[in-house]
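Colleague: Could you walk me through this one slowly?

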Amino acid sequence: MDVSVVQSGGDLVRMISELVSKKKGRFDHIVIETTGLANPAPIIQTFYAEDDIFNDVKLDGVVTLVDAKHARLHLDEVKPEGFVNEAVEQIAYADRIIVNKTDLVGEQELDSVMQRIKTINSMAHMKRTKYGKVDLDYVLGIGGFDLERIENSVNEEEKEDHDDHHHDHDHSHDCHDHHKEHDHEHGHHDSHDHTHDPGVSSVSLVCEGDLDLEKANMWLGALLYQRSEDIYRMKGILSVQDMEERFVFQGVHEIFEGSPDRLWQKDETRTNKIVFIGKNLNREELEMGFRACLV
Ligand SMILES: Nc1nc2c(ncn2[C@@H]2O[C@H](COP(=O)(O)OP(=O)(O)OP(=O)(O)O)[C@@H](O)[C@H]2O)c(=O)[nH]1
(Lines give C-alpha, C1' and ligand atoms only; values in the text may rest on other atoms or scores of the structure.)
Protein backbone atom coordinates (compact mmCIF):
# COMPACT_ATOMS: atom_id res chain seq x y z
CA MET A 1 0.00 0.00 0.00
CA ASP A 2 1.28 3.45 -0.85
CA VAL A 3 0.26 6.23 1.49
CA SER A 4 1.25 9.87 1.05
CA VAL A 5 1.27 12.21 4.02
CA VAL A 6 0.57 15.86 3.35
CA GLN A 7 0.66 18.60 5.96
CA SER A 8 -2.20 21.02 5.71
CA GLY A 9 -1.82 24.69 6.28
CA GLY A 10 -0.06 25.42 3.03
CA ASP A 11 -1.77 25.21 -0.28
CA LEU A 12 -3.59 21.96 0.21
CA VAL A 13 -5.39 22.00 -3.10
CA ARG A 14 -2.16 22.61 -5.00
CA MET A 15 -0.38 19.81 -3.17
CA ILE A 16 -3.15 17.33 -3.76
CA SER A 17 -3.46 18.35 -7.42
CA GLU A 18 0.25 17.80 -7.85
CA LEU A 19 0.11 14.39 -6.22
CA VAL A 20 -2.83 13.45 -8.37
CA SER A 21 -1.25 14.57 -11.64
CA LYS A 22 2.28 13.33 -11.02
CA LYS A 23 1.52 10.09 -9.29
CA LYS A 24 -1.84 9.15 -10.67
CA GLY A 25 -2.74 5.62 -9.67
CA ARG A 26 0.39 5.21 -7.61
CA PHE A 27 -1.03 5.71 -4.14
CA ASP A 28 -4.00 4.32 -2.31
CA HIS A 29 -4.47 6.98 0.35
CA ILE A 30 -3.40 10.50 1.15
CA VAL A 31 -3.18 11.31 4.84
CA ILE A 32 -3.50 15.00 5.63
CA GLU A 33 -2.05 15.90 8.99
CA THR A 34 -3.48 19.18 10.14
CA THR A 35 -0.91 21.53 11.57
CA GLY A 36 -1.24 22.13 15.28
CA LEU A 37 -4.76 22.69 16.41
CA ALA A 38 -6.42 23.37 13.10
CA ASN A 39 -10.13 23.47 12.44
CA PRO A 40 -10.93 20.56 10.11
CA ALA A 41 -13.97 22.23 8.50
CA PRO A 42 -12.17 24.16 5.71
CA ILE A 43 -10.23 21.04 4.77
CA ILE A 44 -13.42 19.00 4.54
CA GLN A 45 -15.11 21.71 2.51
CA THR A 46 -12.17 21.84 0.10
CA PHE A 47 -13.01 18.35 -1.09
CA TYR A 48 -16.47 19.43 -2.09
CA ALA A 49 -15.61 22.87 -3.40
CA GLU A 50 -12.59 22.19 -5.61
CA ASP A 51 -13.39 20.75 -9.01
CA ASP A 52 -9.66 20.27 -9.59
CA ILE A 53 -9.42 17.48 -7.08
CA PHE A 54 -13.01 16.44 -6.71
CA ASN A 55 -12.91 13.90 -9.53
CA ASP A 56 -9.65 12.27 -8.55
CA VAL A 57 -9.72 12.00 -4.79
CA LYS A 58 -12.44 11.35 -2.29
CA LEU A 59 -12.57 12.41 1.32
CA ASP A 60 -12.53 9.25 3.37
CA GLY A 61 -12.80 10.38 6.96
CA VAL A 62 -11.58 12.54 9.80
CA VAL A 63 -9.49 10.94 12.53
CA THR A 64 -8.84 12.78 15.77
CA LEU A 65 -6.23 11.72 18.29
CA VAL A 66 -7.01 12.71 21.85
CA ASP A 67 -4.49 12.82 24.66
CA ALA A 68 -6.49 11.26 27.50
CA LYS A 69 -4.32 12.91 30.12
CA HIS A 70 -4.63 16.50 28.91
CA ALA A 71 -7.81 16.53 26.85
CA ARG A 72 -10.13 17.69 29.57
CA LEU A 73 -8.07 20.80 30.15
CA HIS A 74 -8.29 21.81 26.49
CA LEU A 75 -11.94 20.86 26.11
CA ASP A 76 -12.99 22.92 29.11
CA GLU A 77 -10.91 25.92 28.17
CA VAL A 78 -13.19 28.90 27.77
CA LYS A 79 -12.31 30.93 24.69
CA PRO A 80 -12.99 34.62 24.24
CA GLU A 81 -16.21 35.54 22.46
CA GLY A 82 -15.98 34.78 18.76
CA PHE A 83 -13.14 32.27 19.13
CA VAL A 84 -13.69 28.56 18.79
CA ASN A 85 -12.20 25.91 21.00
CA GLU A 86 -10.14 23.95 18.47
CA ALA A 87 -9.97 20.85 20.62
CA VAL A 88 -13.76 20.71 20.64
CA GLU A 89 -13.92 21.37 16.89
CA GLN A 90 -11.49 18.57 16.12
CA ILE A 91 -13.64 16.14 18.04
CA ALA A 92 -16.87 17.45 16.56
CA TYR A 93 -15.89 16.75 12.94
CA ALA A 94 -14.29 13.36 13.57
CA ASP A 95 -15.37 9.97 12.25
CA ARG A 96 -12.87 8.13 14.42
CA ILE A 97 -11.60 9.29 17.79
CA ILE A 98 -8.51 7.63 19.17
CA VAL A 99 -8.24 8.24 22.88
CA ASN A 100 -4.55 7.73 23.52
CA LYS A 101 -2.25 7.58 26.55
CA THR A 102 -4.82 5.58 28.46
CA ASP A 103 -2.03 4.22 30.64
CA LEU A 104 -1.57 7.67 32.15
CA VAL A 105 -5.10 8.05 33.52
CA GLY A 106 -7.32 6.14 35.90
CA GLU A 107 -10.46 4.36 34.76
CA GLN A 108 -12.72 7.06 36.17
CA GLU A 109 -10.84 9.90 34.51
CA LEU A 110 -10.86 7.99 31.23
CA ASP A 111 -14.59 7.34 31.47
CA SER A 112 -15.21 10.97 32.19
CA VAL A 113 -13.17 12.19 29.23
CA MET A 114 -14.82 9.70 26.90
CA GLN A 115 -18.22 10.74 28.15
CA ARG A 116 -17.35 14.36 27.46
CA ILE A 117 -16.21 13.45 23.94
CA LYS A 118 -19.44 11.60 23.33
CA THR A 119 -21.59 14.58 24.25
CA ILE A 120 -19.73 16.56 21.60
CA ASN A 121 -19.75 13.85 18.95
CA SER A 122 -22.03 10.86 19.31
CA MET A 123 -21.52 9.86 15.68
CA ALA A 124 -17.84 8.94 15.79
CA HIS A 125 -16.41 5.62 16.78
CA MET A 126 -14.02 5.81 19.73
CA LYS A 127 -11.10 3.61 20.53
CA ARG A 128 -8.84 3.61 23.57
CA THR A 129 -5.15 3.19 22.84
CA LYS A 130 -1.68 3.14 24.29
CA TYR A 131 1.01 4.61 22.09
CA GLY A 132 -1.57 5.16 19.36
CA LYS A 133 -1.68 1.49 18.46
CA VAL A 134 -4.53 0.88 16.04
CA ASP A 135 -5.05 -1.32 13.00
CA LEU A 136 -4.49 0.48 9.74
CA ASP A 137 -7.99 -0.24 8.56
CA TYR A 138 -9.33 1.63 11.57
CA VAL A 139 -7.96 4.87 10.13
CA LEU A 140 -7.96 4.18 6.38
CA GLY A 141 -11.04 3.26 4.38
CA ILE A 142 -13.45 4.79 6.88
CA GLY A 143 -16.14 5.96 4.46
CA GLY A 144 -17.19 8.68 6.88
CA PHE A 145 -18.85 10.70 4.15
CA ASP A 146 -20.27 7.75 2.17
CA LEU A 147 -24.01 7.63 1.95
CA GLU A 148 -23.86 3.83 1.80
CA ARG A 149 -22.26 3.77 5.21
CA ILE A 150 -24.51 6.19 7.07
CA GLU A 151 -25.87 3.27 9.03
CA ASN A 152 -22.63 2.85 10.96
CA SER A 153 -22.86 6.37 12.34
CA VAL A 154 -26.50 6.76 13.20
CA ASN A 155 -27.08 3.43 14.79
CA GLU A 156 -27.74 3.46 18.43
CA GLU A 157 -25.54 0.61 19.37
CA GLU A 158 -22.34 1.28 21.17
CA LYS A 159 -19.74 2.97 19.00
CA GLU A 160 -16.87 2.38 21.31
CA ASP A 161 -14.57 -0.53 21.82
CA HIS A 162 -15.15 -2.01 25.21
CA ASP A 163 -13.04 -4.85 26.36
CA ASP A 164 -13.53 -4.27 29.99
CA HIS A 165 -16.64 -2.24 30.06
CA HIS A 166 -20.28 -2.42 29.23
CA HIS A 167 -22.89 0.27 28.84
CA ASP A 168 -26.54 -0.49 28.37
CA HIS A 169 -28.59 1.54 26.01
CA ASP A 170 -32.26 2.05 25.78
CA HIS A 171 -33.55 1.00 22.40
CA SER A 172 -37.00 2.47 22.74
CA HIS A 173 -38.46 3.67 19.49
CA ASP A 174 -40.09 6.90 20.43
CA CYS A 175 -38.54 10.14 19.37
CA HIS A 176 -36.01 10.56 22.08
CA ASP A 177 -32.75 12.15 22.92
CA HIS A 178 -30.03 9.62 23.13
CA HIS A 179 -27.99 11.84 25.38
CA LYS A 180 -30.46 12.38 28.07
CA GLU A 181 -30.62 8.68 28.65
CA HIS A 182 -26.92 8.34 28.35
CA ASP A 183 -26.30 11.10 30.86
CA HIS A 184 -28.70 9.55 33.21
CA GLU A 185 -27.00 6.19 33.08
CA HIS A 186 -23.64 7.73 33.64
CA GLY A 187 -24.67 10.17 36.31
CA HIS A 188 -22.71 8.29 38.90
CA HIS A 189 -19.49 8.76 36.94
CA ASP A 190 -19.78 12.28 35.88
CA SER A 191 -21.67 14.94 37.62
CA HIS A 192 -21.49 17.80 35.15
CA ASP A 193 -24.72 18.74 33.50
CA HIS A 194 -24.36 18.93 29.75
CA THR A 195 -27.48 20.97 29.33
CA HIS A 196 -25.52 23.92 30.72
CA ASP A 197 -23.09 23.72 27.85
CA PRO A 198 -24.25 25.99 25.06
CA GLY A 199 -21.29 24.92 22.97
CA VAL A 200 -20.87 22.03 20.57
CA SER A 201 -22.94 18.92 21.16
CA SER A 202 -24.71 16.04 19.43
CA VAL A 203 -28.43 15.53 19.20
CA SER A 204 -29.84 12.19 18.05
CA LEU A 205 -33.43 11.75 17.03
CA VAL A 206 -34.84 8.27 16.66
CA CYS A 207 -38.43 8.07 15.65
CA GLU A 208 -40.74 5.58 14.00
CA GLY A 209 -43.15 6.66 11.28
CA ASP A 210 -43.29 8.02 7.75
CA LEU A 211 -42.35 11.51 6.73
CA ASP A 212 -44.24 13.77 4.39
CA LEU A 213 -41.61 14.36 1.70
CA GLU A 214 -42.53 17.96 1.06
CA LYS A 215 -42.57 18.88 4.73
CA ALA A 216 -39.29 17.08 5.40
CA ASN A 217 -37.70 18.90 2.47
CA MET A 218 -38.92 22.23 3.74
CA TRP A 219 -37.74 21.53 7.27
CA LEU A 220 -34.24 20.40 6.30
CA GLY A 221 -33.97 23.17 3.70
CA ALA A 222 -34.91 25.84 6.22
CA LEU A 223 -32.60 24.35 8.81
CA LEU A 224 -29.67 24.45 6.42
CA TYR A 225 -30.53 27.94 5.29
CA GLN A 226 -30.78 29.32 8.81
CA ARG A 227 -28.33 27.21 10.74
CA SER A 228 -25.68 25.90 8.33
CA GLU A 229 -22.93 27.72 10.19
CA ASP A 230 -23.91 26.03 13.43
CA ILE A 231 -24.55 22.57 12.01
CA TYR A 232 -21.13 20.99 11.68
CA ARG A 233 -22.17 17.56 10.52
CA MET A 234 -25.39 15.65 10.21
CA LYS A 235 -26.38 12.20 9.05
CA GLY A 236 -29.66 10.47 8.76
CA ILE A 237 -31.79 7.61 7.56
CA LEU A 238 -35.34 8.59 6.76
CA SER A 239 -38.57 6.76 6.14
CA VAL A 240 -40.51 8.72 3.55
CA GLN A 241 -44.17 8.04 2.90
CA ASP A 242 -44.78 5.88 -0.20
CA MET A 243 -41.07 5.37 -0.73
CA GLU A 244 -39.88 1.78 -0.74
CA GLU A 245 -36.27 2.69 -0.17
CA ARG A 246 -34.73 4.32 2.84
CA PHE A 247 -33.58 7.87 2.17
CA VAL A 248 -30.07 8.53 3.49
CA PHE A 249 -28.28 11.84 3.79
CA GLN A 250 -25.19 13.48 5.18
CA GLY A 251 -24.17 17.09 5.47
CA VAL A 252 -21.29 19.31 6.49
CA HIS A 253 -22.41 22.90 7.07
CA GLU A 254 -24.06 24.00 3.81
CA ILE A 255 -23.02 20.87 1.93
CA PHE A 256 -25.83 18.35 1.71
CA GLU A 257 -25.94 14.99 -0.05
CA GLY A 258 -28.86 12.63 -0.02
CA SER A 259 -30.20 9.71 -2.01
CA PRO A 260 -32.46 6.68 -1.84
CA ASP A 261 -30.69 3.73 -0.31
CA ARG A 262 -31.65 0.06 -0.05
CA LEU A 263 -35.24 -1.12 0.25
CA TRP A 264 -36.87 -1.28 3.64
CA GLN A 265 -37.12 -4.94 4.54
CA LYS A 266 -40.54 -6.50 5.03
CA ASP A 267 -39.99 -7.21 8.71
CA GLU A 268 -38.06 -4.01 9.38
CA THR A 269 -39.53 -1.19 11.43
CA ARG A 270 -39.41 2.03 9.43
CA THR A 271 -37.45 4.09 11.93
CA ASN A 272 -36.03 7.52 11.19
CA LYS A 273 -32.63 8.20 12.67
CA ILE A 274 -30.91 11.55 12.52
CA VAL A 275 -27.79 12.78 14.27
CA PHE A 276 -26.77 16.44 14.35
CA ILE A 277 -23.45 17.73 15.62
CA GLY A 278 -23.24 21.45 16.04
CA LYS A 279 -23.21 24.60 18.05
CA ASN A 280 -26.12 25.78 20.19
CA LEU A 281 -28.31 22.90 19.15
CA ASN A 282 -31.69 22.87 20.77
CA ARG A 283 -32.93 19.34 21.01
CA GLU A 284 -36.57 20.22 21.70
CA GLU A 285 -36.67 22.56 18.72
CA LEU A 286 -35.11 19.98 16.40
CA GLU A 287 -37.40 17.27 17.61
CA MET A 288 -40.47 19.44 17.25
CA GLY A 289 -39.49 20.43 13.72
CA PHE A 290 -38.91 16.83 12.83
CA ARG A 291 -42.15 15.59 14.39
CA ALA A 292 -44.10 18.15 12.42
CA CYS A 293 -42.95 16.42 9.23
CA LEU A 294 -44.41 13.06 10.21
CA VAL A 295 -47.50 11.96 8.35
N1 LIG B 1 2.83 6.84 28.47
C2 LIG B 1 2.53 7.05 27.20
N3 LIG B 1 3.28 7.86 26.44
C4 LIG B 1 2.95 8.05 25.15
C5 LIG B 1 1.81 7.42 24.57
N6 LIG B 1 1.74 7.81 23.28
C7 LIG B 1 2.77 8.64 23.06
N8 LIG B 1 3.52 8.78 24.18
C9 LIG B 1 4.75 9.57 24.37
O10 LIG B 1 4.41 10.94 24.45
C11 LIG B 1 5.50 11.75 23.98
C12 LIG B 1 4.95 12.83 23.07
O13 LIG B 1 4.28 12.23 22.05
P14 LIG B 1 2.99 12.88 21.48
O15 LIG B 1 2.19 13.52 22.54
O16 LIG B 1 2.40 11.87 20.60
O17 LIG B 1 3.61 14.04 20.63
P18 LIG B 1 3.21 14.48 19.17
O19 LIG B 1 1.75 14.62 19.08
O20 LIG B 1 3.91 13.62 18.20
O21 LIG B 1 3.89 15.86 19.19
P22 LIG B 1 3.57 17.06 18.25
O23 LIG B 1 3.17 16.48 16.92
O24 LIG B 1 4.85 17.80 18.26
O25 LIG B 1 2.44 17.78 18.94
C26 LIG B 1 6.46 10.78 23.32
O27 LIG B 1 7.54 10.61 24.18
C28 LIG B 1 5.67 9.49 23.21
O29 LIG B 1 6.49 8.36 23.32
C30 LIG B 1 1.02 6.56 25.40
O31 LIG B 1 0.01 5.99 25.01
N32 LIG B 1 1.42 6.43 26.70
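Modeller: Before I quote a record, note that UniProt positions are given in the numbering used here, that feature names are shortened, and that annotations may be inferred rather than shown by experiment. An unreviewed UniProt entry lists residues 200-294 as "domain: CobW C-terminal". Residues are numbered from 1 along each chain as its sequence is written. This is a predicted model, in which local features need pLDDT of at least 70 and side-chain atom pairs count only at pLDDT 80 or more, while totals for chains, interfaces and linings use all residues.

Colleague: How much helix and strand is there over residues 200-294?

Modeller: That stretch is 25% helix and 45% strand, with its end C-alpha atoms 27 Å apart. Helices (H or I, at least four residues) and strands (E, at least two) are DSSP runs, numbered from the N terminus, and the protein has eleven helices and ten strands.

Colleague: What order do the strands take in the open sheet of five?

Modeller: The order is S6-S10-S7-S8-S9, with antiparallel pairing, where two strands pair if DSSP finds at least two bridges between them. Strand S6 (200-208) and strand S9 (255-263) each have a single partner strand, so they stand at the edges and one side of each is left without a neighbour in the sheet.

Colleague: And how many bridges join S7 and S10?

Modeller: Strand S7 (residues 231-238) and strand S10 (residues 271-279) pair in the antiparallel sense over six bridges; one example is Arg233, whose bridge partner in S10 is Ile277.

Colleague: Let's change topic: is Gly236 buried or exposed?

Modeller: Gly236, which is found in strand S7, counts as buried because it has 24 C-beta neighbours inside 10 Å. A residue is buried if 20 or more other C-beta atoms lie within 10 Å of its own, exposed if 12 or fewer, and partly exposed in between, with C-beta atoms placed from the backbone.

Colleague: Which residues does Gly236 touch?

Modeller: Leaving out residues up to four places away in sequence, Gly236 touches Val154, Val248, Phe249, Lys273 and Ile274, where contact means that C-beta atoms, placed from the backbone, lie within 7 Å. Val154 and Gly236 are 82 residues apart in sequence, yet their C-alpha atoms are 6.6 Å apart in space.

Note on methods. Contact = placed C-beta atoms within 7 Å.
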